[in-house]
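Please look through the sequence and the model below before reading on. The paragraphs after it are meant to be read with both in view.

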Amino acid sequence: MLTTIIYRSHFRDYVPVTVLEDMVVAANEKNSKAGVSGILLFNGKLFFQLLEGPDENVRAIYQTICEDERHHNVVELMCDYSPSRRFGKSGMELFDLRTYDRHEVLQTVMDKGTTRFQLIYNDRALQFFRTFVAESEIENYFEIPPADYWEFIPDSTSVRTLPGRYSETCSFAFQPIIDPLARERVTLEALIRTPSGEPAQRWFDGLQGDEIYEADLKSKSVAFAMASALGLAGQSLSVNLLPMTLVKVPNAVSYLLEEIAAHGLVPEQIVVEFTENEVISRLDDFTCSVRELKAAGIGVAIDHFGGGFGGLLLLAQFQPDRIKINRDLIRDIHKSGPRQAIVLAIIKCCTTLEILISAVGIEKAEEWMWLESAGVSQFQGHLFARPQLAGIPAIAWPERTEDI
Ligand code: C2E
Ligand code: MN
Ligand code: MN
């Protein structure tokens with residue numbers, strides 16, 4: 001079995017182009033030894049490379065390539081497997097697109113093909129060559145600056161902490177969703193904790209069977225009480241609910257409305273977040289309850305969007321005010337072609353439907369920068385603020401390093 005990796009990257013502006021020839025000579029030797037074949041395209045600014053050969057060797061070479069300082073914004077476009085090589089000769093060959101006619105270059109690359117069946121027209125790898133040469137995806141190539149372009153400076157002016165325990169059954173940590181470039185806190189999410197501040201999962205582990213739904217609902221009165229004590233009247237507050245909590249607990253929506261009012265809050269400032277995968281199993285019951293929430297003025301968000309299998313089907317039947325893109329899709333998005341393609345499609349879809357998007361679990365400056373370039377402007381994650389037990393944490397706002 002052969003592994004094929006295709007990536008694209010950006011040549012460092014400060015490296016002289018003559019360095020290329022030496023790179024190719026060195027790579028040619030290295031690849032030959034490893035039984036890896038490489039076809040490299042260069043358009044004066046961007047590289048596009050196919051590597052194929054034994055799995056371990058291809059991965060090892062790709063790893064070294066990713067660490068090479070002479071280029072940046074390395075994005076893996078494809079990783080696939082095939083029975084035989086497309087390009088038989090191992091080593092590395094460079095095609096400088098500036099010296100070729102666009103139409104010729106593809107033919108020339110295809111002529112290098114050595115598989116018994118020729119390079120079949122609909123081969124994915126070949127289609128990637130075609131797309132790169134035609135520059136038809138170029139609007140989705142986002143060039144992001146290095147991580148240290150921004151510094152994240154905590155601002156403690158809005159920090160608050162509540163004294164003492166609020167309840168014997170649970171507590172809440174609060175984490176903001178922010179628009180970093182507008183320097184705006186969009187909402188504050190209440191995350192459940194045990195009374196002593198242990199993680200959400202620990203709190204859920206203490207409950208059995210259907211008990212969980214009633215407890216989930218009742219805990220919201222603690223969230224509202226704490227939000228009120230933190231001075232959140234008039235500001236957006238997000239709470240999480242299991243979708244089945246609305247379906248299984250009688251009069252759940254009326255309970256929420258009473259508790260909201262009892263703590264001096266209004267329905268319009270509340271957003272309820274539901275996890276996608278649980279929604280899908282009883283969609284009809286769920287949409288009914290959501291109608292009640294919306295009729296009362298409460299906003300609805302779908303959490304962990306893209307994390308399950310039902311996400312798109314869900315959107316076809318029901319459109320929330322906001323979706324939160326799952327951390328699994330966000331992780332290292334700046335390096336992954338497939339993640340970028342999926343998230344761009346989600347963004348396109350939500351833009352068309354006027355659904356707000358936020359990205360959750362941002363830990364790296366590069367993840368944030370890539371998503372900003374793609375059109376996302378609301379973020380939640382450790383990069384900006386960790387959840388704070390019974391309080392509002394400081395927010396680390398990005399500032400241009402050179403301005404500091
Ligand atoms: P969620 O709604 O997606 O909440 C965000 C979770 O991601 C939180 O975990 C938060 O601590 C974590 N997080 C935030 N930023 C980052 C980051 O940059 N990196 C990483 N690795 N994690 C980050 P937490 O508090 O453990 O909550 C886990 C889940 O439990 C929540 O996910 C939510 O689905 C659920 N949950 C929390 N509170 C409640 C509640 O009151 N009711 C219900 N039904 N579910 C809740
Ligand atoms: Mn949530
Ligand atoms: Mn989550």
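What follows goes from the whole chain to the ligand site and then to a few single residues.

This is a predicted model, in which local features need pLDDT of at least 70 and side-chain atom pairs count only at pLDDT 80 or more, while totals for chains, interfaces and linings use all residues. Residues are numbered from 1 along each chain as its sequence is written, chains are lettered from A and ligands numbered from 1 in the order in which they are written, and side-chain values use heavy atoms, with hydrogens and water left out.

The protein chain has 14 helices and 18 strands; these are DSSP runs, numbered from the N terminus, with helices (H or I) of at least four residues and strands (E) of at least two. Its C-alpha trace spans about 75 × 50 × 35 Å along the principal axes. Of its 404 residues, 50% count as buried. Here buried means under 20% relative accessible area, exposed means over 50%, and partly exposed is in between (1.4 Å probe, protein chains only).

Now to the ligand. Ligand 1 is surrounded by 23 residues, and the closest are Arg193, Asp216, Asp303, Glu363 and His382; a residue is counted here if one of its heavy atoms lies within 4 Å of the molecule. By class, this shell has 9 nonpolar, 7 polar and 7 charged residues. Ala, Val, Leu, Ile, Met, Phe, Trp, Tyr, Cys and Pro count as nonpolar, Asp, Glu, Lys and Arg as charged, and the others, Gly among them, as polar. Several elements each supply at least two residues of the shell, including strand E8 (171-179), strand E9 (184-193) and helix H6 (211-229). Strand E9 gives the most, with 4 residues.

Which polar atoms of the protein lie by the nitrogen atoms of ligand 1? A polar side-chain atom of Asp216 is 2.7 Å from a nitrogen atom of the ligand. An N or O atom in the side chain of Gln175 is 3.0 Å from a ligand nitrogen, and a polar backbone atom of Leu242 is 3.2 Å from one. Taken alone, ligand 1 exposes 790 Å², and the protein buries 80% of that; accessible areas come from the Shrake-Rupley method with a 1.4 Å probe.

Gln175 lies in strand E8. This residue counts as buried because its relative accessibility is 7%. Its side chain also makes a polar contact with the side chain of Gln380 (3.1 Å). A polar contact is a pair of N or O atoms within 3.5 Å; within protein, one must be able to donate a hydrogen and the other to accept it, and residues adjacent in sequence count only if both atoms are side-chain atoms.

Leu217 is found in helix H6, and at 2% relative accessibility Leu217 counts as buried. Leu217 and Asp205 are 12 residues apart in sequence and 16 Å apart in space, C-alpha to C-alpha.

Thr287 is in helix H10 (residues 283-295). A polar atom of its side chain lies 2.7 Å from the backbone oxygen of Leu283. Thr287 is buried, with a relative accessible area of 14%.

Glu135, in the loop between helix H4 (124-134) and strand E6 (150-155), has a positive phi of about 55° although it is not a glycine. Glu135 counts as partly exposed, at 31% relative accessibility. Ala390 is in the loop between strand E16 (388-389) and strand E17 (391-392), and its phi is near 45°, a positive value in a residue other than glycine. Ala390 is buried, with a relative accessible area of 9%.
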